[in-house]
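Subject: Structure for you to look at

Hello,

Here is the structure I said I would pass on. Please open it and keep it in view while you read the notes.

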Amino acid sequence: MNYTFTKIQYNEDDRAQRYLDVFENLDTGQINLSYVNSTNHIVAWHKHKVQTDYWFCVKGSFKVGLAVPKEDGSYEVKWEYISDKNPRVLKIEPDVYHGYKALQPESIMLYYLTEKYDVEDEWKVLPGHFGENWETQSK
């Protein structure tokens, strides 16, 4: 046979529905896809020591939080926005805490990880850890 099908790992929780390691035969890294049905959930914060993430918004929009390390060991929170109206790829390097919140229901994010998922390379803290406010600010 000149073709085959591979079953894709699927995970679902209160925050999103995810297809994980879509192309499992990649020598390194993995490609994932998250379908986020709600704008009420914050998926944050975590960082890696080895892995680099590449995020792309396929549909909808996301508010992305990036807690960037400073010289004194503290972190500065920066906000970025990715959407299907402004297509671009966000590269998140090791040691940067990151997370997101969908700004539209049914938003979809495609993300490439330079390493296969390794729980030993993930450090987590809860939303609010950096004193940040994930709510949309009135201007």
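Predicted model: local features only at pLDDT ≥ 70, side-chain atom pairs only at ≥ 80, totals over all residues.

Residues are numbered from 1 along each chain as its sequence is written, and side-chain values use heavy atoms, with hydrogens and water left out.

Aromatic rings

There are 10 aromatic pairs in the structure. Rings of Phe, Tyr and Trp (its six-membered ring) pair if their centres lie within 6.5 Å; planes under 30 degrees apart are stacked, over 60 edge-to-face, and the rest tilted. One of the pairs joins F62 and Y100 edge-to-face, with 5.3 Å from centre to centre and 85° between the planes. F62 is in strand β6 (residues 61-69) and Y100 in strand β9 (residues 97-102), so this pair ties together parts that are 38 residues apart in sequence. Strands (E, at least two residues) are DSSP runs numbered from the N terminus, as are helices (H or I, at least four). F62 has 0% relative accessibility and counts as buried; Y100, at 6%, counts as buried too. Buried here means under 20% relative accessible area, exposed over 50%, and partly exposed in between (1.4 Å probe, protein chains only).

W79 and W134 also pair edge-to-face, at 4.8 Å centre to centre and 80° between the planes. W79 belongs to strand β7 (residues 75-83) and W134 to the segment after β11 (123-124), so the pair ties together parts 55 residues apart in sequence. W79 is partly exposed at 27%, whereas W134 is buried at 4%. Both belong to a cluster that ring pairs form from W45, Y75, W79, Y97, F130 and W134.

W79 also has K63 over its face, 4.4 Å from the ring centre. The charged end of K49 sits over the ring of W123, 5.8 Å from its centre. For this, NZ of Lys or CZ of Arg must be within 6 Å of the ring centre and within 35 degrees of the ring normal.

The largest pocket

The largest pocket has a volume of about 680 Å³. A pocket is an open set of points on a 1 Å grid over the protein atoms alone, where a 1.4 Å probe fits, with protein on both sides within 12 Å along at least five of seven lines; lining residues have an atom within 4 Å of a point. The volume is the space filled by probe spheres set on the points, which are joined across faces, edges and corners. Of its 28 lining residues, R18, H46, Y111, Y117 and E122 are the closest to the centre. Strand β4 gives the largest share of the lining, four residues.

Salt bridges

The structure holds eight salt bridges, each a side-chain nitrogen of Lys or Arg within 4 Å of a carboxyl oxygen of Asp or Glu. One of them joins K59 and E106 (3.7 Å, N to O). K59 is in strand β5 and E106 in the loop between β9 and β10, 47 residues apart. K59 is partly exposed at 36%, and E106 is partly exposed at 39%. K85 and D84 meet at 3.1 Å, N to O; K85 is exposed at 70%. Salt bridges also link K47, K49 and D95 in a network.

Regards
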